[in-house]
Amino acid sequence: EGLVSSVAFSPDGTRLVSGSDDTTIRLWDTFTGEELNTLRGHEGWVSSVTFSPDDSRLATTGFDTTIRIWDTATGEALSTLRGHEGWVSSVTFSPDGTRLVSGSDDTTIRLWDTATGEELSTLRGHEGWVSSVTFSPDGTRLASAGGDNTIRLWDTATGEALKTLQGHENWVFSVAFSPDGTRLASA
């Protein structure tokens, strides 16, 4: 009933998940268009949604500063991750599904263990909100983008900042690795 802010396909393409400023997460059948489930739990706008690589879980973020993990089969909320001090704008699973990365209005990037919910590390370097985060296809690097007009590359093992890419004259809203991990697109 509100603005849809994020969508993602399931790994097999049979379902779509959407997040909205009406505080709901909705699962859809991509063949029939039928709504399969409506999940509720965020207190405010749902800003980012993503499936785990094995299709068993969803991760969602929102204006309430939390990350929520859901069981895709039952719709049950499995855990709530807390640590960001601002709204969380982006979340994604690592290629092997063992970690999550999140970016926030608090200018931080956080790595999480998906089994325990433990925060593994906090990466700092952006001078504005972090709008988009993504793992490289092999899981060894992260890319982040944000309100400081930059894209940053990070080593996932050490948390070391590897490179800052500049060239945008305004906020960078999205980053994505090529399938082979050799290129990065930004918008």
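1. Accessible areas here come from the Shrake-Rupley method with a 1.4 Å probe; for residues, only the protein chains shown count as cover. On that basis the protein exposes about 8,800 Å². Carbon and sulfur atoms supply 48% of this area.

2. A caution on the source: this is a predicted model, so local features need pLDDT of at least 70 and side-chain atom pairs count only at pLDDT 80 or more, while totals for chains, interfaces and linings use all residues. Residues are numbered from 1 along each chain as its sequence is written, and side-chain values use heavy atoms, with hydrogens and water left out.

3. Overall dimensions. The radius of gyration is taken over C-alpha atoms, and the globule rule is 2.2 Å times the number of residues to the power 0.38. For 187 residues a compact globule would have a value near 16 Å; the protein has 16 Å, which agrees. Its C-alpha atoms fill a box of roughly 45 × 30 × 30 Å along the principal axes.

4. Secondary structure. The protein has 18 strands and zero helices. Both are DSSP runs, numbered from the N terminus: helices are H or I with at least four residues, strands are E with at least two.

5. Burial and contacts. Buried means under 20% relative accessible area, exposed over 50%, partly exposed in between (1.4 Å probe, protein chains only). Buried residues make up 50% of the 187. Contact means heavy atoms within 4.5 Å. Of the contacts with a separation of 6 or more, 36% involve residues 24 or more positions apart.

6. Five bridges join β9 to antiparallel β10 (residues 99-104); two strands pair if DSSP finds at least two bridges between them. T92 stands opposite V101 in β10. Five residues lie between the strands, and G97 takes a positive phi near 80°.

7. Six of the six residues of β13 (residues 130-135) are buried, so β13 is largely enclosed by the rest of the structure. β13 pairs with β14 (residues 141-146) in the antiparallel sense over five bridges. F135 has L142 as its bridge partner in β14. This hairpin has five residues between its strands, with G139 at a positive phi near 80°.

8. L153. This residue lies in β15 (residues 151-155). L153 is buried, with a relative accessible area of 13%. Leaving out residues up to four places away in sequence, L153 touches L142, A143, E160, A161, L162, K163, F177 and L184. The C-alpha atoms of L153 and L165 are separated by 8.1 Å.
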